[in-house]
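Q: Hi! Could you walk me through a protein structure? I'd like to talk about which side chains pair up.
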Amino acid sequence: MTYDNENLKVVGTRPVRPDGADKVTGRANFGADFSMPQQLIGKVLRSPHPHARIVSIDTSKAEALPGVKAVMVGEDMIAMAHEMSQSGESAIDVHDLSLNVLARGKVLYDGHAVAAVAATSAVIADDALDLIDVTYDVLPHVSDVDEAMKPDAPVLHEDMFTAGMDEKPATASNIASRMEMALGDVEEGFKKADIVIERSYKTKAVHQGYIEPHAVVANFAEDGTATVWCSSQGHFAIRDLCAKLLGMDSSAIRVTPAEIGGGFGGKTTVYLEPLAIALSKKAGRPVKMTMTRAEVFRATGPTPATSLDVKIGVTNDGQIVAAEADFRFNAGAFKGSPVGAACMSAFTPYTLENVKVVGYDVVTNACKSGAYRAPGAPNGAFAVESALDELAHMLNMDPLDFRHQNGAEAGTKAVYGATFREIGCKDVLVAAKNHPHYKSNLGPNQGRGVASGFWFNIGGQSNAAVNVHEDGTVTVVEGNPDIGGTRAAMAMMAAEVLGIPFEKVQVVVADTASIGHTDVTGGSRVTFATGMAVTQAAEDVVRQLKERAAATMELDPEEVVWQDGVAHPTKGEAKPLSLADIAGDAARTGGIIVGRSSINAKGAGPSFATHICDVEVDPETGRIEILRYTAVQDVGKAIHPSYVEGQMQGGAVQGIGWALNEEYVYNEDGILENPGFLDYRMPVASDLPMIDTVLVEVANPSHPFGVRGVGEAPLVPPLAAVVNAIQDATGIRMTELPVSPVKMLEALEANQKQAAE
Amino acid sequence: MRFEVADTLEGAASLLAGEQGVAHVLAGGTDLLVQLRAGMVKPDLVVDIKHIEATRTISESDGAYTIGAAVAGAEMGEHRTLASDWPGVTEGAELIGSTQVQGRASMGGNLCNASPAADSVPALIAAGATCTVVGPGGTRDVAVADIPTGPGSNSLGQGEFVATINLPKKAANSSDAYLRMIPRTEMDIAIVGAAANVTLGDDGTIMAAKIVLGAVAPTAIEVPEAGAALVGTKADDDALAAVAAACEAAAKPISDKRGSADYRKKVSGVLAKRAAKIAFDRASGNA
């Protein structure tokens, strides 16, 4: 059933989140907070080379060191065939995953794991790493995506032949796959254009920068089962991937989720977990492993560096008649960049008759890229929204009007095949245009930019149980780690359905043995899909409450209505019964009441966002300050508006970092030069103004409360919004991110020189 | 690794002097603890000097200040008169790291860690500050400028450490300023730093000026030509342009992941002229 917006009592309010007090007082247990008696400390030896053949590994000295209880190398892992395993928003090849967890034959990037040890202390474990002798035969390396595509580039995988070609290529290359999608006929479309521009852009690899490094404790028992405690975006995915890599049954591994200190897509796969289980099995004791920040940067999954070409044709009256793009994504050491999502999303805020997008997934000697919030979409949007901004200038049109004229709406067919139902793309553009920010004045050296973005959002498998207690309180049990305030959202939806106060509902994120499989916290799916499961489980409770009440009232269930937490008879003289009344009497009327739901949620409504950014550029130092920022987004229905706003603000901030200062710096030797927060410059609070938000609510008809995912769309527009603002302030179009002060000053001086000539 | 807490200057000196291996001094610890965790230093002995009263006190006598080597930047900012007498020195110390770091980070550590980019050093040199070095042979006063000798190295001998930093009595009609370039607003290391100290004559014209740059050479450097360009002026545009040109010429930076040499040269001129203007305005009572 769907719930009428007018009569909502809990949904749409802003109660204090249930996990808040624990998190701000330091009581919450994150990944590294768990410990076991007798636990060993595990550490990983990592490659100092970007590309090398492993000639030999001698672990004998490490094994002989007193206190060392287990040492493992790649050969201790099971050889896996290529097989795609669903994990989160993307599929993972378990063959590649196994090699990424522990290298065999070759190391493919600076930081690639080559051996692991478990010892009685961290100091002994570190000493043991120093005692492992690895002989490398160093090979030529390639870090840049365009370089890696050249025929003479060093090849990472001798068995990689580009997929998606009409004919299988004769030789191996670093191009894992080519994809193409199209609508209409772009050749014909460009013939109708009055203006055609072709531009190229580049972005660097950027890390999610979650504050909590990866951490795990694993305990392999004599009966062949393993218990794992770790923080992740999905403990079921951790369980299943570990089971695959280690040849274990899923039922033999029980993963208990810790609180998670940020993931943003980066914690949907395994790094340490299989090693910790394997080391624990070898040593016969629990093993704890924690990454350092440098390890997080060197060996987890940032989003790819990209090289992007865009060609767009418009008529003089502002109609886009053809659009084409060629996206090359640097997947890192193994295939699987989100280039497909970039192809599918980049032009999707617009109704286009003729569009063609080609994408290449390319491997290089860099750490394997991973999912990062709207994976692929920010890159594609950066290119497209930069080019559109330029076109709006050339057409002398307001950039929001230009976007609105071409904007997607119900009935628009996207390049990836979907035809939209109710969407808020144009509503968002109108709200942006009407915002006081957009009408405010700017000073010298200041500029304003806008950009739009789209994200699909997903549904997927979710489970929920609602346990009703004798005193009328309720516990919701679900399987998604709470990253963005989802305990609060789940409790609110359950309270709304049950008609009881929010405070009467507790939410538990259960381990893999205690609730059915639930897909990862990712794809902006949890409030939508798990929220739908919780709503249905609560409705299941209401159905049972009505049955019990009806029996007591000696009526049929249809003769009882549920309103504000009370069963009211529609006829006769029976006394209304509250949830607490019925729960207290449950033992007599048939036993404790449990509601359940297990679904594969369909109909995730897409989200559209438009951001407005004001910058000031220091003409003498190239330093860029964000003066004002407003994020406008179609959020479907905001269950807890504060956390929706938080998602939008967080996404905007990450995008600003991506635009201005964040980048993986691989030097000429293929070594990552900045594996720490000092020189990997994420924005700090004092860098930013308050990020304003505007929630546009265009209900998703597929969700009982109208929810659309909101977590990812806000990272799609900021890159271009910042760069478009820089253009407005300086007249200079920056095409390579990040726009560091050094790069900005170079451009300002080149511009001055050109003007002088 | 042995950890010792010293409660007197002499005690600290004798602990340090007695160590045959690698000894490090702990004041605020905001550099040392990070280096320890990263495995960059492996000391045999760490001597904590921040429990010695002299290292934790700011005292003033006849206009001159003695600042303990372990006094945190935040404490300098909160001092009743230090921040108004020496705004440039204070703002340099208060720029280190972040608000949290400034609760610990000290000028003694910033100086002895000898980073070319140390934020508190250029303004101290511009102020003509000295420091009191305590060692097994007693105490000696050394110009702040003579402590760092290159990135990560200093002129202190075996068993020696900086106990206090000493600011002379401020000249009449003088003031100072410090600016640095970082891409963010905090939690960063200066790509360029520039300090200015100016003294005005009775007619409001600059009669003495010092400009000191950070992060553009192995140590902070004074640029006498830049100071000279200000003398006899009221920090007008021509004088400031001359300051910038002198600094660009004097800067001998390297290129690294934080910034190119070319960028550092240009921005050293920009920051120097801006710092000079701020110092001039402060000295004139217009700030």
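This is a predicted model: local features need pLDDT of at least 70, side-chain atom pairs count only at pLDDT 80 or more; totals for chains, interfaces and linings use all residues.

Q: Good to know. How many aromatic pairs are there over all chains?
A: There are 16 aromatic pairs over all chains. One of them joins Tyr416(A) and Phe456(A): the ring centres are 5.0 Å apart and the planes sit at 70°, so this pair is edge-to-face.

Q: Why edge-to-face?
A: Because the angle is 70°, and planes over 60 degrees apart count as edge-to-face.

Q: And where do Tyr416(A) and Phe456(A) lie in the chain?
A: Tyr416(A) is in the loop between α12 and α13 of chain A, and Phe456(A) is in the loop between β18 and β19 of chain A. They are 40 residues apart in sequence, so the pair ties those parts together.

Q: Is Phe456(A) buried or exposed?
A: Phe456(A) is buried, with a relative accessible area of 14%. Tyr416(A), on the other hand, is partly exposed at 27%.

Q: Which kind of pair do Phe420(A) and Phe454(A) form?
A: A tilted one, with 5.9 Å from centre to centre and 55° between the planes. Phe420(A) is in the loop between α12 and α13 of chain A, while Phe454(A) is in strand β18 of chain A, 34 residues apart. Both Phe420(A) and Phe454(A) are buried.

Q: What do the ring pairs here link into a cluster?
A: The cluster holds Tyr416(A), Phe420(A), Phe454(A), Trp455(A), Phe456(A) and Phe608(A).

Q: Nice. Which ring does the charged end of Lys168(A) sit over?
A: The ring of Phe161(A), at 4.5 Å from its centre.

Q: New topic! How many salt bridges does the structure hold over all chains?
A: It holds 61 salt bridges over all chains. Glu259(A) and Lys23(A) form one of them, with their closest N and O atoms 3.2 Å apart.

Q: Is Glu259(A) buried or exposed?
A: Glu259(A) is buried, at 15% relative accessible area. Lys23(A) counts as partly exposed, at 25%.

Q: What does Asp76(A) meet in a salt bridge?
A: Lys282(A), at 3.3 Å from N to O. Asp76(A) is in the loop between β3 and β4 of chain A and Lys282(A) is in helix α8 of chain A, so this pair ties together parts 206 residues apart in sequence. Asp76(A) is partly exposed at 42%, and Lys282(A) is partly exposed at 46%.

Q: Let's switch to the two chains. How many residues of chain A are in contact with chain B?
A: 20 residues of chain A are in contact with 19 residues of chain B. The two chains bury about 1900 Å² between them, 50% of it on carbon and sulfur atoms.

Q: Which three residues supply more of the area that chain A buries than any other three?
A: Glu620(A), Arg623(A) and Arg681(A), which supply 29% of the area that chain A buries against chain B.

Q: How many salt bridges are there between chain A and chain B?
A: Seven salt bridges. Among them is the one where Asp679(A) meets Lys257(B), at 3.7 Å from N to O.

How values were computed:
Residues are numbered from 1 along each chain as its sequence is written. Chains are lettered from A and ligands numbered from 1 in the order in which they are written. Side-chain values use heavy atoms; hydrogens and water are left out. Rings of Phe, Tyr and Trp (its six-membered ring) pair if their centres lie within 6.5 Å; planes under 30 degrees apart count as stacked, over 60 as edge-to-face and the rest as tilted. Helices (H or I, at least four residues) and strands (E, at least two) are DSSP runs, numbered from the N terminus. Buried means under 20% relative accessible area, exposed over 50%, partly exposed in between (1.4 Å probe, protein chains only). A charge sits over a ring if NZ of Lys or CZ of Arg is within 6 Å of the ring centre and within 35 degrees of the ring normal. Contact means heavy atoms within 4.5 Å. Buried area is the accessible area (1.4 Å probe) that two parts lose on being put together, summed over both. A salt bridge is a side-chain nitrogen of Lys or Arg within 4 Å of a carboxyl oxygen of Asp or Glu.
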